[in-house]
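Biologist: I am new to this structure and would like to learn how its features are read, one after another. Could you take me through them, giving the general idea before each case?

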Amino acid sequence: MDTVTLSKQNRLFWLGRYAERVYTTTQYMMKQYDHLIDGGTVDYGTFCQKMGIPCVYDSGDDFCRRYLFDSLSPYSVRSSVEAMLGNGMVLRETITSPTLAYLQMAHTAMELAAHSEAPGVELQWVLDDIMAFRGSFDDSVEVETARNITKAGGMVERISLMLRLDWQLERLDRELQKLMNRLYKTDLTPEKDALDVITRRAVGGEDIDRVLLLNSVEGLFRV
Amino acid sequence: MNDLIRHAQQINQQLARYGVKFGIYKNGEFHERLFPFDAIPRVITAREWDSLEKGLIQRVNALNLFLKDVYGEKRIIADGVVPEDFVYRSPGYLPQCEGIVPVKGVYSHISGIDLVKGKDGVWYILEDNLRIPSGASYPLIARELCRRCSPDTFRHNGVLDNRNYGQLLRRTMDSVNTGGINVVFTPGRYNAAYFEHSYLAEQAGAVLAEAGDLYVRDSVLYYRSTQGDQRVGAVYRRVSDEYMDPLTFEASSLIGIPNLMAAYRAGNVAVLNAFGNGVADDKGIYYFVPKMIRYYLKEEPILCNAPTYLPFYEEDRKYVLDHMDTLVIKDVAEAGGYGVVFGSKLTCEQLSDLRNTILAQPRRFIAQEAIDFQDLPIMEGEEQVERKADLRAFVLSGADETVVWPSGLTRFSRNPDSFIVNSSQGGGFKDTWILSR
């Protein structure tokens, strides 16, 4: 049995956002790690600027380590994993124990990665577990609205990261259209001005200023 | 059994996978820990269980009658069976509950009765938990995972399936539901037993709710939902009495539901367990439970209390003061393994201090003979060692029946010198097998 409360809406939405944040930033950081193997450099200053987080890192190595694993930093991927699991834990009876277990496994894998000298394998497990979570979530959650809220949260996060990091922008229009389609399957009420901007880009193909588009995506829902 | 032990590591990995944890606060910080699991189960034969089951039902039925009486006619006090001092001075007695009869007259819907088995083979009741006893979720999920890791063990041992706890809980809630949804009410993510709250909500098909999700209007409890507000018919609350309604109890509580007491008083919602049950599981009242059984049911108690003395009575006080070095002294206001003192472990000075405290506040303490209870084997690394263990049996009382869950939480001390088995003090848990033969 399940019913979606207003507080549950919020958690479902942020579960989707954090799961996507962990997934995308882990992928991104694995590429940075790989780059360091060949003696490459990481432009972490620009990364921090684009993400809007304080640049407190000393070197590329320090950035790769601490942005991923610093448990005291609210901006680290590890903290995002905590937040993802935290939102999942309070939704157990909605998402079911078997689905929650994948979040728990991703959390365990991230803890192992944090204590590993070569964390690439464990980080791959984090990605695997999030993919498994998504499949299980889709299969187990009976309330369609709940499924759509979490998916909408994931889409908002993905588009936000694309715009911030200029990452996979070739997929941007497709992701915006997916978000528009998903929007109407949730109980969430979008902000009108933000929706107008996104519609102009997604449906009308209008060239919208990146910052305006980012702010509109971030401000689409007040949850 | 050896197969199960061989798979112990796998089972513990599975428990970690499902996040089987409990929380503790240390130095003001919240930490979550995996609940240590030992693969060797406690085994109870069908014959032994038959007697335990009857005794537990008898005891809980008497306790329910006591609660109804003590907040109603008070016959047991008038007849001099239980002194009024032990009722009205109990911190669990709530005058706000006077005259209120909960839906269908059930007070303790989910009772956790703690027992130990003595070396003489006799089961002794250690205490009754009638407020919000926790722990059923751990053996429930552990059984599922043990079966997964070692199916042969269960194919060959004739163990009663215990995975029906969710259905039993649901049946209990449905039987007192006043018309509406079933809700498990939790104080939130940072409660020590949050895993259990969310897991039982899932298993019982109930909605998990926190303070902001529920409200009372016109003496009816509602759940705020995006599909419109829904009436709540039964709420299995995992929040202590004093925090449940800031307009009736602790005014500063932020985790309660204002006016819940009005809905409860009007009979518009069943609250599991009822408010004010603490008066019946007070350590001082424990002494009187066999008398309650005789008084209300006209039966002889099937299960024994541990030999208990009340310093409140002059004769008992004299005995306690003369034998303090061999008795277990319990502060009736404490719980969770706290406030329990073994006289044999106190220095002369500490004994003297305790003696003075007992003389000054005799109602505050009970004293029990230290039961020489059976140790259970646990695995410590590759080695099998013996440790103290108890059993919490779960008894569910609905409108029409009282049943005992054919399992229970067996907790053990990991410290070889300790009798304290509570998870908050480092204890672990085992599965409890009830055999079909």
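Modeller: Let us begin with a pair of helices, where helices (H or I, at least four residues) and strands (E, at least two) are DSSP runs numbered from the N terminus, and where axes are lines fitted to C-alpha atoms, for helices over the stretch in contact, with angles running from 0 to 180 degrees between N-to-C directions. In chain A, helix H4 (residues 77-89) and helix H6 (residues 97-114) have axes that come within 9 Å and cross at roughly 160°. That angle makes H4(A) roughly antiparallel to H6(A), given that angles under 35 degrees count as roughly parallel, over 145 as roughly antiparallel, 65 to 115 as roughly perpendicular and the rest as oblique.
This is a predicted model, in which local features need pLDDT of at least 70 and side-chain atom pairs count only at pLDDT 80 or more, while totals for chains, interfaces and linings use all residues. Residues are numbered from 1 along each chain as its sequence is written, chains are lettered from A and ligands numbered from 1 in the order in which they are written, and side-chain values use heavy atoms, with hydrogens and water left out.

Biologist: Which residues of H4(A) and H6(A) make the contact?

Modeller: Contact means heavy atoms within 4.5 Å. Among the residues that make it are Val81(A), Met84(A) and Leu85(A) of H4(A), and Leu103(A), His107(A) and Met110(A) of H6(A). The contact divides into ten nonpolar, three polar and three charged residues, where Ala, Val, Leu, Ile, Met, Phe, Trp, Tyr, Cys and Pro count as nonpolar, Asp, Glu, Lys and Arg as charged, and the others, Gly among them, as polar.

Biologist: At what angle do helix H14 and helix H15 of chain B pack?

Modeller: Helix H14 (residues 314-322) and helix H15 (residues 348-360) of chain B pack at about 170°, their axes being 11 Å apart, and that makes H14(B) roughly antiparallel to H15(B). Arg317(B), Val320(B) and Leu321(B) in H14(B) meet Arg355(B), Ile358(B) and Leu359(B) in H15(B), a set of four nonpolar, no polar and two charged residues.

Biologist: How many residues does each chain give to the contact of chain A with chain B, and what area is buried there?

Modeller: The size of an interface is often given as the accessible area lost when the parts come together. Here chain A gives 22 residues and chain B gives 26, and the buried area (the accessible area, with a 1.4 Å probe, that two parts lose on being put together, summed over both) is about 2100 Å², with carbon and sulfur atoms giving 53%.

Biologist: Which residues form the salt bridge between the chains?

Modeller: Side chains of opposite charge can pair when their charged atoms come close. A salt bridge is counted for a side-chain nitrogen of Lys or Arg within 4 Å of a carboxyl oxygen of Asp or Glu. The structure holds 46 of them over all chains, and the count between chain A and chain B is one. Arg11(A) and Glu210(B) form that bridge, with 3.1 Å between the closest N and O atoms.

Biologist: Where do Arg11(A) and Glu210(B) lie?

Modeller: Arg11(A) is in helix H1 (residues 6-37) of chain A, and Glu210(B) is in the loop between strand E7 (207-209) and strand E8 (214-217) of chain B.

Biologist: Which two residues does a cis peptide bond join?

Modeller: Most residues other than glycine have a negative phi, and most peptide bonds are trans. The cis bond joins Leu272(B) and Asn273(B), with omega about -15°, and Asn273(B) has its place in the loop between strand E11 (270-272) and helix H12 (283-286) of chain B. As for phi, Asp166(A) has a positive value near 50°, and Asp166(A) is found in the loop between helix H8 (144-165) and helix H9 (172-183) of chain A.
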